[in-house]
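Please look over the model shown here before reading my notes. The points follow in numbered order.

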Number of protein chains: 2
Amino acid sequence: MTTQRLTRKGQATRDRIVTAAARLMIEQGVARTTIEDIQAAAGVSPSQLYHYFPGKDALVSAVIEQQTAQVLEIQHSGLGSLDTIDSLTNWRDLMVGILTGMQCAGGCPLGSLASDLSESDPVARVQLAGAFEQWEGLIRDGLVRMRERGELAADADPADLAVAMLAAVQGGLLLSQVRRDPAPLRIAVDTMIDHLHALTR
Amino acid sequence: MTTQRLTRKGQATRDRIVTAAARLMIEQGVARTTIEDIQAAAGVSPSQLYHYFPGKDALVSAVIEQQTAQVLEIQHSGLGSLDTIDSLTNWRDLMVGILTGMQCAGGCPLGSLASDLSESDPVARVQLAGAFEQWEGLIRDGLVRMRERGELAADADPADLAVAMLAAVQGGLLLSQVRRDPAPLRIAVDTMIDHLHALTR
């Protein structure tokens with residue numbers, strides 16, 4: 001069922017189900033989350049849930065889609081386009097602030113789903129790989145613009161630097177999650193910003 | 001039951017159970033792994049398994065202990081002490097080689113367990129935080145020695161750089177896992193080595 005066909009009320013119900021599923025799947029893992037848990041958390045009947053989602057796979061896919069949109073929204077929201085050292089520093093502050101607000105629980109929603117599903121669900125793995133590619137693309141585009149303006153050395157490689165920055169974010173979030181301390185995320189991203197700064201002319 | 005009390009045969013049986021449990025838990029996640037799966041994979045009877053492990057929590061703890069030892073062993077094995085740019089480059093090659101040999105499946109065993117268990121198992125989370133601290137300590141010790149020998153700038157911070165390097169490894173492994181491509185791990189660690197190189201005097 002495409003979302004285009006839904007009434008506004010139907011869309012709101014569908015969104016409520018996806019939001020409840022996302023919270024449970026990211027918090028406790030996909031395998032530990034039952035359809036019944038999601039029904040209860042979303043406050044919908046079994047027939048309502050099955051009206052929108054024929055099964056757990058469809059819910060997983062909708063959760064990845066929703067979380068991807070939210071993560072990419074954070075890149076855009078008021079941060080401009082990540083194409084100056086200042087905007088990257090603001091982006092770091094935003095991520096650290098969100099993490100601190102969550103007491104460092106949960107990690108990156110996309111990273112948690114990727115670790116959870118990469119070996120057990122090939123379809124979800126491909127969908128998540130696409131999400132990370134989009135995210136990396138936003139970082140890369142900003143670095144390309146910095147290089148075009150002469151703010152990054154001509155021989156700096158925006159593609160590789162974007163991969164390294166996304167890895168710093170993912171690894172930093174995982175270490176922050178396991179230690180319940182925002183420091184690893186802050187330090188990992190700061191080190192990459194220092195590295196870019198050293199390449200800035 | 002402490003491992004000291006076991007006979008050699010008993011130790012071998014216990015090791016076989018832990019190895020089977022580790023493979024299943026890392027591949028398919030802890031929640032998807034049943035005691036029956038582990039019994040079947042290890043080729044032991046229920047009473048044999050329960051003789052060594054009273055339940056799944058004890059198995060999870062033994063798996064984390066085994067995987068921590070294996071990861072730290074990789075740091076040590078023939079790589080010297082990660083205290084030169086060359087030894088860091090060899091370490092990167094070793095990790096990329098292991099990952100490529102596994103067709104990029106599975107990710108980092110400790111990272112996968114951390115993502116899987118951080119929200120659902122507080123005891124495992126603390127045990128994993130300790131494992132990452134030991135790993136980070138090995139990286140930090142090498143950077144401290146580099147700084148002492150004057151190979152790293154006096155104002156470089158080995159503690160922060162070790163956090164950033166471990167984050168690069170974890171994030172790189174996750175991106176490599178989800179993309180089934182060793183490039184993200186290689187690029188993330190290479191970027192950190194480039195950064196250290198720029199700080200090398």
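**Notes on the model**

1. At 40% relative accessibility, B:Arg149 counts as partly exposed. The terms work like this: buried is under 20% relative accessible area, exposed is over 50%, and partly exposed is in between (1.4 Å probe, protein chains only). B:Glu151 is partly exposed too, at 26%. These two side chains form a salt bridge, with the closest N and O atoms 2.8 Å apart. A salt bridge here is a side-chain nitrogen of Lys or Arg within 4 Å of a carboxyl oxygen of Asp or Glu.

2. Keep the ground rules in mind. This is a predicted model, where local features need pLDDT of at least 70 and side-chain atom pairs count only at pLDDT 80 or more, while totals for chains, interfaces and linings use all residues. Residues are numbered from 1 along each chain as its sequence is written, chains are lettered from A and ligands numbered from 1 in the order in which they are written, and side-chain values use heavy atoms, with hydrogens and water left out.

3. Two further pairs in chain B deserve a look. B:Asp93 bridges to B:Arg92, with closest N and O atoms 2.7 Å apart. B:Asp93 is partly exposed at 42%, whereas B:Arg92 is buried at 12%. B:Arg23 and B:Glu27 also meet in a salt bridge, 4.0 Å from N to O. They are separated by about one helical turn because they sit four residues apart in helix α1 (residues 8–28) of chain B. Helices are DSSP runs of H or I with at least four residues, strands are E runs of at least two, and both are numbered from the N terminus.

4. In chain A, A:Asp83, A:Arg145, A:Arg149 and A:Glu151 are linked in a network of salt bridges. Over all chains, the count comes to 20 salt bridges.

5. UniProt, in an unreviewed entry, lists residues 11–71 of chain A as "domain: HTH tetR-type". That span is 80% helix and 0% strand. The record's "DNA-binding region" covers residues 34–53 of chain A. There the chain is 75% helix, and the end C-alpha atoms are 13 Å apart. UniProt positions follow the numbering used here, feature names are shortened, and annotations may be inferred rather than shown by experiment.

6. The contact takes 44 residues from chain B and 44 residues from chain A. Contact means heavy atoms within 4.5 Å. The chains bury about 3,600 Å² between them, 63% of it on carbon and sulfur atoms. Buried area is the accessible area (1.4 Å probe) that two parts lose on being put together, summed over both. Six salt bridges cross this interface. A:Arg179 pairs with B:Glu136 in a salt bridge, at 2.5 Å between the closest N and O atoms.
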